[in-house]
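Please open the model beside this note.

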Amino acid sequence: MTERTLILIKPDAVRRGLVGEVLGRFERKGLTLVAMDLRTIDAAAADRHYAEHLDKPFYPPLREFITSGPLVAMVAEGDQAVSVVRLLVGATDGRGAAAGTIRGDLSLSNRENLVHASDSPESAAREISNFFPNL
Ligand code: CMP
């Protein structure tokens with residue numbers, strides 16, 4: 001079933017010059033790019049995006065990180081795109097993520113883990129409308 005999902009290539013990936021590497025993995029998988037934008041988000045946009053994490057102890061430094069520089073927000077489309085993208089991205093903590101995944105190959109951090117990807121079709125709909133209200 002064709003789905004859309006929101007992907008953020010986070011500020012650590014932009015700073016490290018990994019946008020092409022990360023984007024290329026999604027393209028090579030066969031996903032279709034529907035929208036893409038380089039932008040720096042403010043604290044209000046971070047709070048909207050991470051609404052379910054606002055009360056977590058890791059949220060203040062996460063907000064600091066996600067607003068610390070430009071990120072690439074994008075919408076990708078394809079068969080079962082939500083779960084396919086989550087598989088390519090790997091587990092949250094880059095130190096334990098499986099080799100072959102983006103985080104497993106390229107991240108050594110639980111916070112600076114290069115990519116965010118929607119975790120369900122419902123989250124995808126909410127996150128896409130936050131970042132790309134005109135889609
Ligand atoms: P993401 O997939 O964007 O979803 C929530 C983010 O919070 C996660 O990636 C990490 O960047 C961050 N995160 C989740 N758990 C922790 C944690 N225990 N410590 C620090 N950062 C975390």
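1. Which residues lie nearest the centre of the largest pocket? They are Tyr50, His53, Phe58, Thr92 and Asn113, among 18 lining residues. A pocket here is an open set of points on a 1 Å grid over the protein atoms alone, where a 1.4 Å probe fits, with protein on both sides within 12 Å along at least five of seven lines; lining residues have an atom within 4 Å of a point.

2. Some ground rules. This is a predicted model: local features need pLDDT of at least 70, side-chain atom pairs count only at pLDDT 80 or more, and totals for chains, interfaces and linings use all residues. Residues are numbered from 1 along each chain as its sequence is written, and side-chain values use heavy atoms, without hydrogens or water.

3. Now the ligand's neighbours. Those around the ligand include Lys10, Leu62, Arg103, Arg111 and His116 (a heavy atom within 4 Å).

4. Look at the polar contacts (pairs of N or O atoms within 3.5 Å). A polar side-chain atom of Tyr50 is 2.5 Å from a ligand oxygen. For Asn113, a polar side-chain atom lies 3.1 Å from an oxygen atom of the ligand. Asn110 has a side-chain N or O atom 3.0 Å from a ligand nitrogen. The protein covers 81% of the 460 Å² of accessible area that the ligand has on its own (Shrake-Rupley method, 1.4 Å probe).

5. Strand 4 (residues 115–117; a strand is a DSSP E run of at least two residues) gives the largest share of the pocket's lining, three residues.

Methods. Polar contact = N/O pair within 3.5 Å; in protein donor to acceptor, adjacent residues only side chain to side chain. Helix = DSSP H or I, 4+ residues; strand = E, 2+ residues; numbered from the N terminus.
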